[in-house]
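Hello,

Here is the structure I promised to send over. Have a look at it first, and then read on for what turned up.

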Amino acid sequence: MVISADESQTLRYEEPSGRHFEGLHYEAAEVARRITAGELETPCRPLDASLNTMATLDMIRRSIGIDFSAVGLRE
């Protein structure tokens, strides 16, 4: 439940518990909607934003010495 700062509105989100793998079912549903619409990305998370996040994660991994090549992965 979320209550606005002035307490004039209350938002409730109720969903039965289940095996949603950390909520990724929302992302999967959005992908399905966009594919059905013939689109290549969602305005919720444009491709450029995803690529920027991945580039940042790659930079962090390199800076702290995480190397996936030991398990056969390459950048």
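A nonpolar patch on the surface is made of Met54, Leu57, Met59, Ile60, Ile64, Ile66, Phe68, Val71 and Leu73, and together these residues have about 860 Å² of accessible area. Patch members have over 30% relative accessible area and no salt bridge; like charges are joined within 9 Å, and nonpolar side chains (Val, Leu, Ile, Met, Phe, Trp, Tyr) within 5 Å. A salt bridge here is a side-chain nitrogen of Lys or Arg within 4 Å of a carboxyl oxygen of Asp or Glu. Areas were computed by the Shrake-Rupley method with a 1.4 Å probe, and for residues only the protein chains shown count as cover. Leucine 73, one of the patch residues, sits in the segment after helix H2 (47-64).

Please keep in mind that this is a predicted model: local features need pLDDT of at least 70, side-chain atom pairs count only at pLDDT 80 or more, and totals for chains, interfaces and linings use all residues. Residues are numbered from 1 along each chain as its sequence is written, and side-chain values use heavy atoms, with hydrogens and water left out.

As for the overall layout, the protein chain has two helices and two strands, in the order β-β-α-α from the N terminus. These are DSSP runs numbered from the N terminus (helices: H or I, at least four residues; strands: E, at least two). Of the 75 residues in the protein chain, 5% are buried; buried means under 20% relative accessible area, exposed over 50%, and partly exposed in between (1.4 Å probe, protein chains only). The chain exposes about 7100 Å², with carbon and sulfur atoms supplying 59% of it.

Threonine 42, in the loop between helix H1 (24-36) and H2, counts as buried because its relative accessible area is 14%. Threonine 42 touches Glu30 and Arg34, leaving aside residues up to four places away in sequence (contact means heavy atoms within 4.5 Å). Its side chain also reaches the backbone nitrogen of cysteine 44 at 3.0 Å.

The loop between strand S1 (2-3) and strand S2 (10-11) holds serine 8, and glutamate 7 lies in the loop between S1 and S2 too. Glutamate 7 has a phi near 60°, a positive value in a residue other than glycine, and is exposed, at 65% relative accessible area. Serine 8 is exposed at 54%, and its side chain makes a polar contact with the side chain of aspartate 6 (2.7 Å). A polar contact is a pair of N or O atoms within 3.5 Å; within protein, one must be able to donate a hydrogen and the other to accept it, and residues adjacent in sequence count only if both atoms are side-chain atoms.

Best wishes
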